[in-house]
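This report describes one protein model for a reader who is new to structural analysis. Please examine the sequence and the structure shown here before reading on.

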Amino acid sequence: MQHISVIGSGTMGNGIAHTFAQFGFDVALVDINPIALENALTAIGNNLDRQISKEILSEEDKQHTLGRITTYTDLRAGVRQADLVVEAATENEGVKLGLFKELDELCPSHTILASNTSSISITKIAAATRRADQVIGMHFMNPVPVMKLVEVIKGYATSEDVTNTIITLSEKLNKVPVAVNDYPGFVANRILMPMINEAIYTLYEGVADVEAIDTVMKLGMAHPMGPLQLADFIGLDICLSILRVLHEGFGNPKYAPCPLLVNMVAAGKLGKKSGQGFYRY
Ligand SMILES: NC(=O)c1ccc[n+]([C@@H]2O[C@H](COP(=O)([O-])OP(=O)(O)OC[C@H]3O[C@@H](n4cnc5c(N)ncnc54)[C@H](O)[C@@H]3O)[C@@H](O)[C@H]2O)c1
């Protein structure tokens with residue numbers, strides 16, 4: 001396992017490419033948008049500088065890391081040599097199903113196909129290929145070079161061998177892999193999103209204001225960030241779409257998104273990225 005292709009060079013893709021390259025893997029970073037690739041290389045350079053200033057890496061490590069990353073806009077060229085593909089493209093089911101069908105046709109037969117999806121079924125993604133046993137979820141957390149967890153999601157048909165390979169590989173990246181089964185929200189978002197939704201309901205029902213809710217959870221539960229601030233950082237549109245996956249996937253009303261969240265997304269208040277959510281940025 002030496003050649004890793006990362007598809008999508010946005011927030012997650014650039015962090016995943018950075019991490020694999022830092023630990024000695026050759027990375028092909030692929031995006032349909034050449035500007036996204038340029039921005040990704042700049043972001044990786046800046047994040048490596050941050051690691052240098054924290055004395056985690058040397059200037060020489062930075063040059064080696066950057067030297068291991070090659071960028072592509074052509075998917076075929078970017079995955080030709082791949083031992084593993086980690087897909088981190090836009091969270092859209094149609095995009096992912098189309099990509100996996102294409103990856104299955106373009107990649108060598110031994111290639112493992114992983115998705116970094118936050119909420120789309122790995123089993124469904126795998127069914128778009130003819131190698132469902134070699135399809136798996138590799139859910140990194142943001143920011144990837146910093147966060148220790150990799151949630152490894154076993155689809156219905158994922159083989160034991162492939163799961164073990166991905167666990168061992170995650171450990172080589174100095175991460176802690178946790179294997180879970182493929183059900184809506186996996187583990188991370190199944191637990192996190194109802195908590196965020198409940199915090200929004202608490203605000204909606206006038207139990208307390210934004211600062212009070214976040215302070216209770218920060219100081220009372222030792223969370224590094226309150227749930228409303230965290231929702232702003234994740235993006236309220238992303239939170240809403242994951243809640244809809246949970247609601248639809250389980251058919252259980254306890255996952256129904258709070259009407260205030262629905263309204264805020266409709267009004268374009270998406271959190272940090274739009275300049276306003278529960279807080280102003
Ligand atoms: N942002 C997070 O905190 C976070 C955390 C965990 C998982 N994820 C998941 O990671 C994935 C990526 O999220 P992100 O926040 O980095 O998104 P993003 O919007 O920052 O980046 C997505 C990139 O994918 C590219 N892309 C779209 N279609 C493509 C295609 N067909 N081929 C190649 N590139 C394509 C886009 O040009 C864009 O640069 C999503 O599945 C998301 O659910 C995100």
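## The largest pocket

On a 1 Å grid over the protein atoms alone, a pocket is an open set of points where a 1.4 Å probe fits, with protein on both sides within 12 Å along at least five of seven lines; lining residues have an atom within 4 Å of a point. Grid points are joined across faces, edges and corners, and the volume is the space filled by probe spheres set on them. The lining consists of 49 residues, and those closest to the centre of the pocket are Thr-11, Met-12, Ser-118, Asn-142 and Ile-234.

Two or more lining residues come from each of helix H1 (11-22), helix H5 (93-106), strand E6 (135-140), helix H8 (188-204), helix H10 (227-234) and helix H11 (236-250). Helices (H or I, at least four residues) and strands (E, at least two) are DSSP runs, numbered from the N terminus. H8 gives the most to this lining of the largest pocket, namely six residues. By class, the lining of the largest pocket holds 26 nonpolar, 15 polar and eight charged residues. Here Ala, Val, Leu, Ile, Met, Phe, Trp, Tyr, Cys and Pro count as nonpolar, Asp, Glu, Lys and Arg as charged, and the others, Gly among them, as polar.

## Basis of the description

The model is predicted: local features need pLDDT of at least 70 and side-chain atom pairs count only at pLDDT 80 or more, whereas totals for chains, interfaces and linings use all residues. Residues are numbered from 1 along each chain as its sequence is written, and side-chain values use heavy atoms, with hydrogens and water left out.

## The second largest pocket

The second largest pocket has a volume of about 430 Å³. Its lining comprises 21 residues, with Gln-51, Pro-143, Val-144, Pro-145 and Val-146 nearest the centre. H1 and helix H2 (34-53) each contribute at least two residues to this lining, and H1 gives the most, with six. The classes represented are seven nonpolar, 10 polar and four charged residues.

Pro-143 lies in the loop between E6 and strand E7 (149-154). The peptide bond that leads from Asn-142 to Pro-143 is cis, with omega near -5°.

## The sheet

Eight strands form an open sheet of mixed pairing, in the order E3-E2-E1-E4-E5-E6-E7-E8. Two strands pair if DSSP finds at least two bridges between them. Strand E3 (69-72) and strand E8 (176-181) stand at the edges with a single partner strand each, so one side of each has no neighbour in the sheet.

Strand E1 (residues 3-7) and strand E4 (residues 84-87) run parallel and are joined by four bridges. Within E4, Val-86 stands opposite Val-6.

## Two crossing helices

The axes of helix H9 (residues 210-221) and H10 come within 7 Å and cross at roughly 100°; axes are lines fitted to C-alpha atoms, for helices over the stretch in contact, and angles run from 0 to 180 degrees between N-to-C directions. H9 is therefore roughly perpendicular to H10, a term used for angles of 65 to 115 degrees. Val-210, Ile-213, Asp-214 and Met-217 of H9 meet Pro-227, Leu-228 and Gln-229 of H10 in this contact, where contact means heavy atoms within 4.5 Å.

Methods:
Parallel < 35°, antiparallel > 145°, perpendicular 65-115°, else oblique.
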